[in-house]
Amino acid sequence: MLSRPRRNRQSAAIRAQIRETELTPGHLVQPIFLMPEPDARLPIKSLPGTFRLGIDQVVKEVAECRQLGIYSFIMFPAVPEEHKDKTGTYATSEENFYLHAATRLKAEFPDICLISDVALDPYSTDGHDGLVVNGKIDNDQTLPLVDAMAVAQARAGFDVIGPSEMMDGRIESIRRALDAEGFTDTSIMSYCAKYASAFYGPFRDALDSAPRQLEDVPTDKKTYQMDPANRREALREAALDAAEGADYLMVKPAINYLDIIRELTDAHHLPIAAYHVSGECAMLLAAAEKGWLDYQSAASEALLSIRRAGASVIISYFAKDFASWYGQ
């Protein structure tokens, strides 16, 4: 044999020379679940190792992550029931603990990148990402609500706005609203390919944001999140959002949609983000707890596969752990 590929695998030094994909803590985003009580630290049973935190605990968490090389965070609010209504008015309230937390974090850590979540479901009594009107999710009546939410978040200090509600036309609408208020430097990370996945369960447990059992209201999100069977539809959604002014394009979930990450990477020059979602992480954690997988090896391989597929930005509940292992 003249050609022996194994020659290029003979030692760690040789393997390092020709390694095609590099993953560093700088590629990772640490999710944060925020509670209104400042010193809260409540475990999420369906996602071991992840907690709902009050702002004082979040400050400690961010400081620890920065020491490990993680400077990017995406924050989600766990909103008490008394603040919820049909139109999510608390999302833009001056009393909103989520907005106050963003302002404090950016004041204490001006070098971090703080990413928001734009959708009605944390604030809505219906638990849907859009406004429910006569038993349906009304796309066009939702847009002014998410516009106002995005502007309030930009004003609070978020660097990147994350529209996750999958309404048609939302990126252009939010971009125009931000620009009109002078937030031309605030970026938009579009959840352009957010699938109606079975892997969001622990996330919804963390925020108590699942669709409610209400008469004549759908109990799933299939009329606005994408069908898991579809590939070309993701390309259409991404092209629309890119044309409307998105600065990042996101695929969610990540592991089960690596082909979509690669499709978008090949089709666009914008950075591609991928959300390694709660259910994907929980499965691996459960197998590791049983002793069926080695957590560090399996988690690192999962993240590397997302990076290899083309993601520039990876949101994962394993981010902090990976950063602690990095370079060992």
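# Questions about a predicted model

Modeller: A search of the whole structure finds one cavity of 30 Å³ or more. This is a predicted model, where local features need pLDDT of at least 70, side-chain atom pairs count only at pLDDT 80 or more, and totals for chains, interfaces and linings use all residues. Residues are numbered from 1 along each chain as its sequence is written, and side-chain values use heavy atoms, with hydrogens and water left out.

Biologist: What makes a space a cavity and not a pocket?

Modeller: The work is done on a 1 Å grid over the protein atoms alone. A cavity is a set of points where a 1.4 Å probe fits but cannot get out. A pocket is an open set with protein on both sides within 12 Å along at least five of seven lines. Lining residues have an atom within 4 Å of a point.

Biologist: How much space lies in the largest cavity, and which residues lie nearest its centre?

Modeller: About 130 Å³. A volume is the space filled by probe spheres set on the points, with grid points joined across faces, edges and corners. The lining has 16 residues, and Asp121, Lys194, Phe203, Lys221 and Lys252 lie nearest the centre. Helix 6 gives the largest share, three residues. Helices (H or I, at least four residues) and strands (E, at least two) are DSSP runs, numbered from the N terminus.

Biologist: How does the lining of the largest cavity divide?

Modeller: Seven residues are nonpolar, three polar and six charged. Ala, Val, Leu, Ile, Met, Phe, Trp, Tyr, Cys and Pro count as nonpolar, Asp, Glu, Lys and Arg as charged, and the others, Gly among them, as polar.

Biologist: Which residues are closest to the centre of the largest pocket, and what is its volume?

Modeller: The largest pocket holds about 530 Å³ of space. Closest to its centre are Arg19, Thr21, Glu22, Leu23 and Leu304, out of 16 lining residues. Helix 10 supplies the largest share of that lining, five residues.

Biologist: Why is Arg170 called buried?

Modeller: Buried means under 20% relative accessible area, exposed over 50%, partly exposed in between (1.4 Å probe, protein chains only). Arg170 has a relative accessible area of 1%, so Arg170 is buried. Its place is in helix 5.

Biologist: What makes the pair of Arg170 and Tyr191 a polar contact?

Modeller: A polar contact is a pair of N or O atoms within 3.5 Å. Within protein, one must be able to donate a hydrogen and the other to accept it, and residues adjacent in sequence count only if both atoms are side-chain atoms. A polar atom of the Arg170 side chain lies 2.8 Å from the backbone oxygen of Tyr191.

Biologist: Where is Met166, and is it buried or exposed?

Modeller: Met166 is in the loop between strand 8 (160-161) and helix 5 (170-180). Its relative accessible area is 4%, so Met166 is buried. Its phi is near 60°, a positive value in a residue other than glycine.

Biologist: Why is Asn134 called exposed?

Modeller: Asn134 has a relative accessible area of 77%, so Asn134 is exposed. Its phi is positive too, near 55°.

Biologist: What makes these phi values worth a remark?

Modeller: Most residues other than glycine have a negative phi, and most peptide bonds are trans. The bond from Lys252 to Pro253 is cis, with omega near -5°.

Biologist: How do you know that helix 9 is mostly covered?

Modeller: Nine of its twelve residues are buried. Among them are Cys281, Leu284 and Leu285.
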